Amino acid sequence: MITEHSKLFGFSGAHRWSGDACPGSVLMCLDEPNEDTEESREGDAAHWVCEVMLKAFLERVDHSGVAAGERLLGVANPTNGAIVTEEMIEAAIGYHNSIVQNVTTKSQAAVEFRVAAPSIHAQAYGTADFLYYQSETNTLYVFDFKYGHKALPIFRNKQLMGYAQAACETWGLTDLKPRLCLNLYMPRCFDGRGALRTWNTSYDEIQYDVAQMRLAAQQYEDGTTKVCSGSWCYKCPAGYKCPAIRDAAGYAIDYSYSPVAAEPSNDHIAYELDVAYKAADRLKQRIDMLETRATHKITHGEFIQGYRMDTTYGRDSWSVPAKTVIDIGNLYGADLSKPDVALTPNQAAAALKKKGVDAAVIKPYYSKSKTGVKLVQDDGTRAKLIFSGEKQ
Ligand code: SF4
């Protein structure tokens, strides 16, 4: 999947740089690399499946796109090596189905398509996941697939409005002032409101937000932007060096030391809860940013006093074929099959225990798979244990 996102006014960051959020973040983030994480690699692989399905659908204009995506199960994404899982395929099928039902033969459609909005700024462009314009109804549909777990708001979603504006400018639709059907598909957001979120609006209705984007771009050109912390600081790559979020976190720390009234009034409780939630949010963002920075430095060989990287482990999984496990169980009179595959190590240990057999007999046959590394505080205990020869 080849995507193009502007370093200056990419629409995926429009919630941060436009409106009353933080126009100063454009300058702050300019030289910050977008580092790959396990989460982003998974997201890219899932997007790849969606792209393959929808391209196959558009080429054949039938529902065979699903089969093209299903064939990717277990295949490594060529751009980052992440393996395509069943969950990704299922998510992509849901996304594909929610799109194809409305695409008519008269639709102009595109997958992973670069759109630009020069009316906002020469560098205002991005790659939309899926777009189609239905001429019969003068409606532009914009779809964005999100594989993360965070619930994102659909109403006045700046990323989608940016893509819509840019698609209208790229496809010459601005004079037609089309209806807009903006969609977020979030298959892993389990807040009970379904994976597909839609906001029906119009070209005219988004012009206020588009004007705010233009204003942010103009302020950048004039050198008058300022940084301003808020919920949009989440995952800001410049957070580790940003004075605004550092100050906000400092106020949160000061606040945590302030005395609390013994018998606060109800109004006071409501006010203080609101302040405390906001303070906790800023502090959490600051911690996340510092952790990301510390992780980057330590994994690149730098030393940070009091921190180290620890390997993280997944669940126990068998390191020998299922048949070997089942044979071991039979040897001890325990059925370790399900029935045709081996039980998980924990289930097998419980089954052996039931038979009065020490679960240690299967210990050499399984191990935990490494899932990555994580930053942990280091109080020196581990070093002491190593040098004293004690077991960890
Ligand atoms: S951390 Fe927040 S305040 Fe600082 S540049 Fe990023 S978005 Fe702006």
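## Nonpolar cores

A nonpolar core is a set of buried Ala, Val, Leu, Ile, Met, Phe, Trp, Tyr and Cys residues joined through C-beta atoms within 7 Å. In this predicted model, the largest such core holds 75 residues, and those touching the most other members are Val49, Ala92, Ala124, Val142, Tyr163, Ala164 and Ala167. Helix H3 (residues 38-60) contributes the largest share of this core, with ten residues. Because domain 1 (11-221) and domain 2 (231-299) both give residues to the core, it lies between them.

Leaving aside residues up to four places away in sequence, Tyr163 touches Phe11, Val115, Gly126, Ala128 and Val142.

## Domain arrangement

The chain is divided into three parts: domain 1 (11-221), domain 2 (231-299) and domain 3 (307-388). Taken over C-alpha atoms, the centres of domain 1 and domain 3 are separated by 42 Å.

## Surroundings of the ligand

The ligand is surrounded by 16 residues, of which Cys22, Ser25, Cys233, Cys236 and Cys242 are the closest. By class, this shell comprises eleven nonpolar, four polar and one charged residues.

Key
Residues numbered from 1 in each chain as written. Predicted model: local features only at pLDDT ≥ 70, side-chain atom pairs only at ≥ 80, totals over all residues. Buried ≥ 20, exposed ≤ 12 C-beta atoms within 10 Å, placed from the backbone. Helix = DSSP H or I, 4+ residues; strand = E, 2+ residues; numbered from the N terminus. Domains from an automatic or database assignment. Contact = placed C-beta atoms within 7 Å. Near = placed C-beta within 6 Å. Nonpolar A, V, L, I, M, F, W, Y, C, P; charged D, E, K, R; others polar.
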